[in-house]
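This report turns to the packing and the backbone of the model shown below. The account begins with one residue and its accessibility, and then widens to other parts of the chain.

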Amino acid sequence: MYKKVEMDLGGRTLTIETGKLAKQASAAVTVTYGKTVVLVTVVGARDAKPDVDFLPLTVEYQERFYAVGRIPGSFFRREIGRPTEKETLTCRFIDRPMRPLFPKGYACETQVIATVLSADDENDPDMLAMIGASTAVSLSHIPFNGPVAGVRVGMIDGQYVLNPTHTQQKESRLDLIVAGTKNAVVMVEGGADSLSEQEVLDGIYFGHESLLPILAAQDEMRAAVGRPKIEFVAPEVDAQLKQVVAEYATSLMDKVINTSDKMERQDATRAVQEEVLAKFVAADENFNRHGEVKSLVKDLLKSMMRARIVETGERIGGRKTDEVRAIATEVSVLPRVHGSALFTRGETQAIVTATLGSGEDEQRMETLQGMHFRNFMLHYNFPPFCVGEARFMRGPSRRDIGHGALATRALEAVLPKPEDFPYTIRIVSDILESNGSSSMASVCGGSLALMDAGVPIKKPVSGVAMGLIKEGDKVVVLTDILGDEDHLGDMDFKVTGTDVGITALQMDIKIEGVSRQIMTTALDQAKAGRLHILDKMSESLTASRAEVPEHAPKVFNLQINPDKIRDLIGPGGKVIKALTAEYGVKIDVEDSGKVMVFAPTGLVGNEAVAKINALTADPEIGRIYEGVVQKVLDFGAFVQIMPGVDGLVHISELENRRVEKVTDVLNEGDTVRVKVLEIDQRGKIRLSRKAAMEENA
């Protein structure tokens, strides 16, 4: 059945339709905003996957280049198989707010696919995909405790802007994605230009209020054309087995909870599981519910940890709720990289490097908005050894890309302008140990590595991950959460910033939402933690080094006459290629005549710049040049003193005596020193060998 709903959203019409496209899917909707159109489908299996104890939800988002009337620039002229970074991040935006809203224990295969069918130059399709995904699942037979909706919030001239266009985003000091249900915010992701906690908080709730009409539209569609939901009853826990496990394991868990070391705690947990299993097997040698028992032991550990935090305020290992783990920082830890830092916080450690390159090193990205070039990249790597595992390495996962994007936003806000620091910058964060918040370690290490490389950042940046334990009316906010606290908690809230304000944040909620008061407390507590970490980082480096390292490339800027660009390039690039090969430099030339020389050392760079100046300079009256005889005539010789610049040496200017024939003194191909006597209004140059000889006498 066809159904269409329209509403005004930020001064533009948002349209949601169903019943026209992809009718064999469990549900399908199209969402239109301006001239951007996204089709979102969902297909859900009717039967649960056997032996699966998680929600098998997959989300795919794909941008088609036909949406903007363009053929892909790849070799195969089709969209590449691996999702782009934008597609991967959008998948995460959709998945993260929706996943907690499926019933606990639901294990039927579920797939959401969002496809961009049309895209204009102003309206980003990512939020439309999120809206469409929630609507499609709401209309389907799949049980879902939604709906959920998302909007983007910007800030221009101190005013919040709903779903800013691509043009407006360039002027905005805030780029915030807010997802929520009717009652609460469930996800936040974005960056800010060192805004205060209050400004960010107000932006979050401006976004939440703005998305309420979208939720109402989804409810309207659900009431009109929604399919009946399948009956789902979560698998019941065997109460008797749970009680027996608790009797066996509770007394053993105190030791586990008091074990600070992550690996030792994991070993202690396994030991408890094996001891409890041994009791069951001893009582019944045919006992075969090993998996259930191990799961119940983990559930018991989780509930005991949560209860201890809420009742006593004491965390794993005895840490206080607002206490940051011990921090150690080092810089210049690697001798041949341009900038490096080792950041260790508790059992989380990252070695972070900064590499400086030229304009040729910029990342080229083909997007729906056209070709873009990125001069700052941050790559996050999470090898299996950092958590004591052995598994295949398959390249960056969606999680790795998401963590890298968060760290990128955190540091981008403090980078110098390209015209002030014309380098391409690449940060690589390799996680060496992980026990909570490795993305925040990447931010802290990245800030130190940039400063170590001599990148003049505005201010150092740090980050901290916040957690939440909510039991009834009791609420505890945790600073600098461990991996176990992330697993057992209700919120993962990462906040980065300088001593002035916030540069990036990311929040995921495992419960149905958090109140404004809880979020205010979390932001205030995060600020205290962030400032504490900045203070610890300052023990290694307080500001950027005055210069880039000696072994880093040096950048030389010079301005030449635009008419001389052809002389520097040469026919078929012959001249510039020869310079590049001779000096081992990279030379970028702009149409304005601006030339940037990227040299491996300062000495080589100075030599290359001198050569470029010689090639592109205008001839000066009274200056002596070394030139090559191009042509000999009866009355004189034409000498090239610069590329493409010839002058005439009259026969009377060859010697201090009378010369009968020009060839008695000069022949074609000879090298000769000449002085510029005159440049007339037509640009004709009069040279003198005689004057050059007299000056050198």
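## Backbone and core

In this predicted model, S332 counts as partly exposed, its relative accessibility being 42%. S332 sits in the loop between strand 11 (327-331) and strand 12 (339-345), and although it is not a glycine, it has a positive phi of about 55°. Most residues other than glycine have a negative phi, and most peptide bonds are trans.

N163, which is likewise not a glycine, has a positive phi of about 45°, and it is found in the loop between strand 8 (159-162) and helix 3 (166-169). With a relative accessible area of 9%, N163 falls under the 20% cut-off and is therefore buried.

| Residue | Phi | Relative accessible area |
|---|---|---|
| N163 | about 45° | 9% |
| S332 | about 55° | 42% |

A further backbone feature is the cis peptide bond that joins G146 and P147, with omega about 5°; P147 lies in the loop between helix 2 (126-139) and strand 7 (149-156).

The packing can be described through the nonpolar cores. The largest nonpolar core holds 167 residues, among which I204 and F493 touch the most other members. Helix 4 (residues 197-225) contributes the largest share of this core, ten residues. When residues up to four places away in sequence are not counted, I204 touches L176, V178, V185, V188, L505 and M519.

Methods. Residues numbered from 1 in each chain as written. Predicted model: local features only at pLDDT ≥ 70, side-chain atom pairs only at ≥ 80, totals over all residues. Heavy atoms only, no water. Core = buried A, V, L, I, M, F, W, Y, C linked by side-chain atoms within 4.5 Å. Buried < 20%, exposed > 50% of the residue type's maximum accessible area, 1.4 Å probe, protein only. Helix = DSSP H or I, 4+ residues; strand = E, 2+ residues; numbered from the N terminus. Contact = heavy atoms within 4.5 Å.
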